[in-house]
Amino acid sequence: MKVRMIRLDKFIASATELSRKQVLRSARQGLVKVNGTVQKDPSIKINENDHISIDGETVSAARPRYFVLNKPQGYVCTNQDDEHPTVLELLDEPRKDQLQICGRLDIDTTGLVLISDDGQWNHRVTSPNKGQGKCYYVCLASDISDEDIEQLRNGIRLQGEPKPCKPAEVERLFSNELNVTISEGRYHQVKRMFGAVNNRVIELHRKSVGQIDLGDLEEGEYRELSEEEAASF
């Protein structure tokens with residue numbers, strides 16, 4: 001099995017609350033050791049089997065983190081934004097700069113957002129090849145007909161798109177309210193699907209992605225995924 005190599009400063013920063021600048025300062029002071037030997041160059045590559053210590057304390061590899069958040073309106077799914085609060089501001093976690101948002105929601109869309117610092121896992125979550133179902137509650141400006149619902153179930157063509165969408169699962173709740181499950185991630189897909197049948201989405205809430213749902217999370221709350229949930233991708 002291939003041994004993973006990683007920069008010493010990146011390894012320590014990911015496993016502690018130290019910045020890379022602080023790691024560099026500690027290394028220059030002779031406080032960092034690799035396999036018992038002082039290492040003053042934090043840019044060297046180490047492997048996952050090396051023993052790393054800083055100021056006499058062993059540094060263990062950080063365990064990947066996986067979270068599900070119930071996003072409120074008004075928050076954006078980016079790490080930084082000059083105009084709006086980001087969903088990461090809702091997390092009380094260390095090293096938030098290392099977290100990535102998997103599958104973004106618009107500022108006016110609420111509901112399930114997945115967040116992790118495991119890059120490969122993030123890729124699997126967002127990969128269109130995985131075909132994971134994403135279920136949304138949709139409230140429309142106007143009542144929707146059975147004929148329009150059937151178009152969505154058959155795979156509707158979006159404006160400017162050469163191929164129709166994959167068939168959607170549609171459950172009618174009321175005359176203008178639906179649960180819709182899609183297995184793609186086209187740009188503004190749900191809103192554009194209803195635009196294609198001359199309707200308009202006035203409320204959009206993501207309820208689940210794959211096997212992961214919000215459960216009883218209130219808006220603005222989050223929780224860590226179980227091992228089973230994280231392993232479902």
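Analyst: Gly160 is found in the loop between α4 (146-154) and β11 (169-174); helices (H or I, at least four residues) and strands (E, at least two) are DSSP runs, numbered from the N terminus. This is a predicted model, in which local features need pLDDT of at least 70 and side-chain atom pairs count only at pLDDT 80 or more, while totals for chains, interfaces and linings use all residues. Residues are numbered from 1 along each chain as its sequence is written, and side-chain values use heavy atoms, with hydrogens and water left out.

Gly160 counts as exposed because its relative accessibility is 79%; buried means under 20% relative accessible area, exposed over 50%, and partly exposed in between (1.4 Å probe, protein chains only). From C-alpha to C-alpha, Gly160 and His84 are 30 Å apart in space, and they are 76 residues apart in sequence.

Two other loop residues have a positive phi without being glycine. Asp55 is found in the loop between β5 and β6, with phi near 55°, and is exposed at a relative accessible area of 58%. His188, in the loop between β12 and α5, has a phi of about 50° and is partly exposed at 29%.

The strands on either side of Asp55 belong to an open sheet of four strands, in the order β3-β2-β5-β6 with antiparallel pairing. At its edges stand β3 (37-38) and β6 (57-58), each with a single partner strand, so one side of each has no neighbour in the sheet. Two strands pair if DSSP finds at least two bridges between them; three bridges join β2 (residues 32-34) to β5 (residues 52-54). Lys33 stands opposite Ser53 in β5.

Now to the interior. Helix α3 (residues 119-126) has Trp121, Asn122 and Val125 as its buried residues. They lie on the same side of α3, because they cover an arc of only 100° around the axis, the arc being that of the directions from the helix axis to the C-beta atoms. Gln120 and His123, on the other side, are exposed. The cover over the buried residues includes β7 (66-71), β8 (100-102), β9 (110-116) and α6 (227-230), where contact means heavy atoms within 4.5 Å.

The largest nonpolar core has 32 residues; such a core is a set of buried Ala, Val, Leu, Ile, Met, Phe, Trp, Tyr and Cys residues joined through side-chain atoms within 4.5 Å. Among the elements that give two or more residues to this core are β7, β9, α4 and α5 (189-195). Ile115 is one of the residues with the most contacts inside it, and the residues that Ile115 touches include Phe67, Leu91 and Ile101, not counting residues up to four places away in sequence. Apart from this core lies another, of 14 residues, among them Val68, Leu114, Trp121 and Ile212.

As for the whole, the protein has six helices and 15 strands. Its radius of gyration is 22 Å, well over the 17 Å that the globule rule gives for 233 residues, so the protein is more spread out than a compact globule. That radius is taken over C-alpha atoms, and the rule is 2.2 Å times the number of residues to the power 0.38. The C-alpha trace spans about 75 × 40 × 35 Å along its principal axes, and buried residues make up 42% of the 233 residues.
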